[in-house]
Amino acid sequence: FVSHRMEVRLEEPQDPWSRYGVFATERIKRGEVLLSVPLDLMIEGESKFYPNNDLDCDLIYELLEEIELGDESHFAPYVRYLKSIPERLL
């Protein structure tokens, strides 16, 4: 679920080098749900890469594994989307 009260866009729409962000399009009520993602659609780092190092971001390694799997990944639509974004915007 994604609320209709927000949008993802460039911070400065006329500037293609601008950063992306999430912006409210309408007033948001306190406690209103803006985004809901089912647990089976979340990519989570599992500390399997460097289990004794708290400084590594295992999510990045997990994401790289999914990208390498490509269309074989459970997250293939998301992986394809990430690959379509210009590297400068990631």
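Predicted model: local features only at pLDDT ≥ 70, side-chain atom pairs only at ≥ 80, totals over all residues.
As for where leucine 34 sits, look in the loop between strand S2 (20–24) and helix H1.

Leaving aside residues up to four places away in sequence, leucine 34 touches Phe1, Val2, Ser3, Met6 and Ile28.

## Valine 8, on a strand

Valine 8 belongs to strand S1, which covers residues 6–10. Is valine 8 buried or exposed? Valine 8 counts as exposed, because its relative accessibility is 61% and the exposed class starts over 50%.

Even so, valine 8 has contacts with Tyr20, Gly21 and Val22, again not counting residues up to four places away in sequence. Take glycine 21 from that set: valine 8 and glycine 21 are 13 residues apart in sequence, and 5.6 Å separates them from C-alpha to C-alpha.

## Helix H1

How far apart are the end C-alpha atoms of H1? They are 17 Å apart, which agrees with the 16 Å that its 12 residues should span at 1.5 Å a residue.

Asp58, Glu62 and Glu66 are buried in H1. Looking down the axis of H1, you find its buried residues within an arc of 80 degrees, so they line one face of the helix. Helix H2 is part of what covers those buried residues. Just after H1 comes glycine 70, which takes a positive phi of about 60 degrees.

## The second largest pocket

The second largest pocket has a volume of about 320 Å³. Its lining is made up of Val37, Leu41, Met42, Ile43, Leu59, Leu63, His74, Phe75, Pro77, Tyr78 and Tyr81. Sorted by class, that lining has 10 nonpolar residues, one polar residue and no charged ones.

Both helices take part here: H1 (58–69) and H2 (76–84) each supply at least two residues of the lining. Which element gives the most to the lining of this pocket? That would be H2, with three residues.

Technical notes
Residues numbered from 1 in each chain as written. Heavy atoms only, no water. 1 Å grid on protein atoms, 1.4 Å probe; cavity = no way out; pocket = protein on both sides within 12 Å on 5 of 7 lines; lining within 4 Å. Points joined across faces, edges and corners; volume = space filled by probe spheres on them. Helix = DSSP H or I, 4+ residues; strand = E, 2+ residues; numbered from the N terminus. Nonpolar A, V, L, I, M, F, W, Y, C, P; charged D, E, K, R; others polar. Contact = heavy atoms within 4.5 Å. Expected span 1.5 Å × (residues − 1). Buried < 20%, exposed > 50% of the residue type's maximum accessible area, 1.4 Å probe, protein only. Arc of directions from axis to C-beta.
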